Amino acid sequence: DEIGLEAVETLSVSLALTQLSDAVEVGQPNATVVNIPDDDDVAFRFGMPELRVNEDAGSFMMCVLKNRYIIVPVTVDIQLVQGSATQDVDYDSSTIPTSVTIQPTSDRFCFDSDIIDDLKFLEGDEDFQLVLVDRLPSGVIISSDTTRIVIVDDDVMEVFFERPSYTVNEDYGVTTVCLTKGIEVATVTQFTVDTVTQDCSATSPDDYAGGTWSVTFETAENVQCITIAIVPDNDRELIECFNVILQIPAPIAGAVVPGVPFTARVCIEDIGQLV
């Protein structure tokens, strides 16, 4: 019993008289063939059950491994199972082999397949699966038949204030502060960021109505503004200022990041000081 996967082997056996040829004759059939099928098994599996690859990586490598010595090449098929990733939009299916053959001198077969960067922002991670399928005859065991390829959405959207500073006359009553996206492209989903005021020489609620505002960008919107109330008084004052600070909520942090400027200064000009 040899150790290793090999093809079916045969042994030919025939009869021939060496003595008493006058008294004994060989009947028919005088020969036979003994088939020795190989009942050794070899196990195949993917190199890892899950592979995470950044969308902008361009490609990923996956390996099919075998666990023991073989005498003959062995081929296993690979089936593609659709997931949330779209075939030939998020990855190039033509670069995924439909079968792999491992030679006797190798313990693996590795292949590279292409990932497509679709430049879609806030689409989330997407995936598909590869499944190993053995071919007849038997002798091939699939010990780990599935691997999941996760395409990580690594596109980053910057958000920042349209201007680093604003000046408003006290008697106007309000000021408008705007946020803008760093790239004027549609996102797959809407997203929301927060802004919060911070007292400096101007204080809330005496000089302005401070607070926190949630700002939502719809998929095709590039600019969003908030309105902050200014509190007028009859006192002659120097210019007073407060800050508006951009904050990124935890669920979208990483996919949406603060650009520059991420703080806007609002200065209140007392019109009375100009008289």
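## Threonine 175 and strand 14

In this predicted model, threonine 175 belongs to strand 14, which covers residues 174-181. Threonine 175 has a relative accessible area of 7% and is therefore buried, since the cut-off for that class is under 20%. When its neighbours within four places in sequence are set aside, threonine 175 is in contact with Val168, Ile226, Thr227, Ile228, Ile230 and Val266.

Strand 14 also pairs with strand 12 in the antiparallel sense, over three bridges, and within this pairing phenylalanine 161 has leucine 179 of strand 14 as its bridge partner. Strand 12, residues 157-161, is largely enclosed by the rest of the structure, because four of its five residues are buried. Strand 12 pairs as well with strand 19 (residues 256-258), here in the parallel sense and over three bridges, and valine 159 stands opposite proline 258 of strand 19.

Five strands, in the order 13-20-18-15-16, make up an open sheet with mixed pairing. Strand 13 (165-169) and strand 16 (212-217) stand at the edges with a single partner strand each, so one side of each of them has no neighbour in the sheet. On average, and with direction ignored, neighbouring strands of this sheet are turned by 25 degrees against each other.

Within the sheet, strand 18 (residues 240-247) and strand 20 (residues 263-269) are paired in the antiparallel sense over six bridges, and phenylalanine 242 has valine 266 in strand 20 as its bridge partner. In a regular strand, side chains alternate between the two faces of the sheet.

## Nonpolar cores

The largest nonpolar core holds 27 residues, of which Val159, Val177, Leu179, Phe191, Val193, Phe242 and Val256 touch the most other members. At least two residues of this core come from each of strand 12, strand 13, strand 14, strand 15 (191-199), strand 16, strand 17 (223-229), strand 18 and strand 20. Apart from this core lies another, of 24 residues, including Leu51, Val76, Ile102 and Phe128.

Valine 256 shows how such contacts are made up: not counting residues up to four places away in sequence, valine 256 touches Leu122, Met157, Val159, Phe191, Val193 and Ile248. In soluble globular proteins, nonpolar side chains tend to be buried together.

## Aromatic pairs

The count of aromatic pairs comes to four. One of them joins tyrosine 91 and phenylalanine 128, which are stacked, with 3.9 Å centre to centre and 20 degrees between the planes. Because tyrosine 91 lies in the loop between strand 6 (74-81) and strand 7 (99-102), while phenylalanine 128 lies in strand 9 (residues 126-134), the pair ties together parts that are 37 residues apart in sequence.

The structure holds three disulfides, and with bonded cysteines counted along the chain they follow the pattern 1-2, 3-4, 5-6. Cysteine 63 is joined to cysteine 110 with an S to S distance of 1.8 Å, and the link is right-handed, with 100 degrees about the S-S bond. Since cysteine 63 lies in strand 5 (residues 59-66) and cysteine 110 in strand 8 (residues 108-114), this pair ties together parts that are 47 residues apart in sequence. Cysteine 63 is buried at 13% relative accessible area, whereas cysteine 110 is partly exposed at 33%.

Cysteine 178 and cysteine 225 form another disulfide, with sulfur atoms 2.0 Å apart and a right-handed link of 95 degrees about the S-S bond. Cysteine 178 lies in strand 14 and cysteine 225 in strand 17, so the parts tied together are 47 residues apart in sequence; cysteine 178 is buried at 9%, while cysteine 225 is partly exposed at 38%. The disulfide of cysteine 241 and cysteine 267 (S to S 2.1 Å) connects strand 18 with strand 20, and so ties together parts that are 26 residues apart in sequence. Cysteine 241 is buried at 9% relative accessibility, and cysteine 267 is buried at 15%. Cysteine 200 is in no disulfide, and the nearest cysteine sulfur, belonging to cysteine 241, is 7.3 Å away; cysteine 200 is partly exposed, at 29% relative accessibility.

Definitions and conventions:
Residues are numbered from 1 along each chain as its sequence is written. This is a predicted model: local features need pLDDT of at least 70, side-chain atom pairs count only at pLDDT 80 or more; totals for chains, interfaces and linings use all residues. Side-chain values use heavy atoms; hydrogens and water are left out. Two strands pair if DSSP finds at least two bridges between them. Axes are lines fitted to C-alpha atoms, for helices over the stretch in contact, and angles run from 0 to 180 degrees between N-to-C directions. Buried means under 20% relative accessible area, exposed over 50%, partly exposed in between (1.4 Å probe, protein chains only). Contact means heavy atoms within 4.5 Å. A nonpolar core is a set of buried Ala, Val, Leu, Ile, Met, Phe, Trp, Tyr and Cys residues joined through side-chain atoms within 4.5 Å. Rings of Phe, Tyr and Trp (its six-membered ring) pair if their centres lie within 6.5 Å; planes under 30 degrees apart count as stacked, over 60 as edge-to-face and the rest as tilted. A disulfide is a pair of cysteine sulfur atoms within 2.5 Å.
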